[in-house]
Amino acid sequence: MDEMLENNEGSDEKASLFVECPHCYTKIIPLANNTCPACQGDLSNLTGVDSNKVALLIYESEELPTYCYSCNQYTEQEVRVSGDQESILSKFLTGDISPEQTSNVVIFIPQCESCAEIEDPEPIEVDYERQTMTFVVHRGFRDHTIQFREEHGKK
Ligand SMILES: [Zn+2]
Ligand SMILES: [Zn+2]
C-alpha cells in the first residue's frame with residue numbers, strides 16, 4: 001500500500017487487490033457482487049461517473065501547480081484545508097487512537113473563484129501519520145501535479 005502511493009500514479013501494477021471506486025474514489029476491495037463496500041456503488045455500472053475526476057494524494061506543505069484542483073483552470077488562489085476538522089477528529093476520539101498521535105495536516109490547495117463559490121475542498125482521506133490528504137481532483141490537475149513533481153525533483 002505504501003509503495004503504491006509513493007510511486008507513479010500512472011502504474012496500476014502494484015494496486016493488487018485494491019481498486020479505486022469510481023463512485024466514491026475510495027481504495028476498496030470490491031465485494032463478491034462487484035459493488036463497493038464503502039458506498040454500495042456498482043463497479044460495473046459507470047453511469048453518472050465523472051471520468052474527469054480522479055483521486056490524488058497530496059503531501060503537507062507540498063508545492064502545487066497553479067491550476068484549480070477542481071476544474072483545471074489557471075488560478076493563483078489557494079484554499080487552506082486542515083485535517084483537524086471535527087468530523088474527522090471525532091473518528092479519532094471515538095476510536096482507540098489517542099489524540100497525541102494525531103498531528104494536524106494542513107494543505108493549501110489551488111481553487112479558482114468560481115469553484116470556491118460552489119464547494120469547499122474536502123479530503124476523502126487524511127493520513128496523520130504520513131501527513132497526507134487524498135482529494136478528488138480534475139484529471140488534468142493530477143497530470144499537472146505529477147509533471148510539477150517531476151520538474152521539481154520531488155516524489
Ligand atoms: Zn464507492
Ligand atoms: Zn475551478
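1. A residue counts as buried if 20 or more other C-beta atoms lie within 10 Å of its own, exposed if 12 or fewer, and partly exposed in between, with C-beta atoms placed from the backbone. Ile28 is buried because 20 other C-beta atoms lie within 10 Å.

2. This is a predicted model, in which local features need pLDDT of at least 70, side-chain atom pairs count only at pLDDT 80 or more, and totals for chains, interfaces and linings use all residues. Residues are numbered from 1 along each chain as its sequence is written, and chains are lettered from A and ligands numbered from 1 in the order in which they are written.

3. The chain has four helices and seven strands (DSSP runs numbered from the N terminus: helices are H or I of at least four residues, strands E of at least two). Along the sequence their pattern is α-β-β-β-β-α-β-α-β-β-α. Of the 155 residues, 22% are buried.

4. Ile28 belongs to strand β2, residues 27-28. Beyond its neighbours within four places in sequence, Ile28 is in contact (C-beta atoms, placed from the backbone, within 7 Å) with Phe18, Val19, Cys21, Cys36, Pro37 and Ala38. The C-alpha atoms of Ile28 and Phe18 are 5.2 Å apart, the two residues being ten positions apart along the chain.

Technical notes: Two residues are in contact if their C-beta atoms, placed from the backbone, lie within 7 Å.
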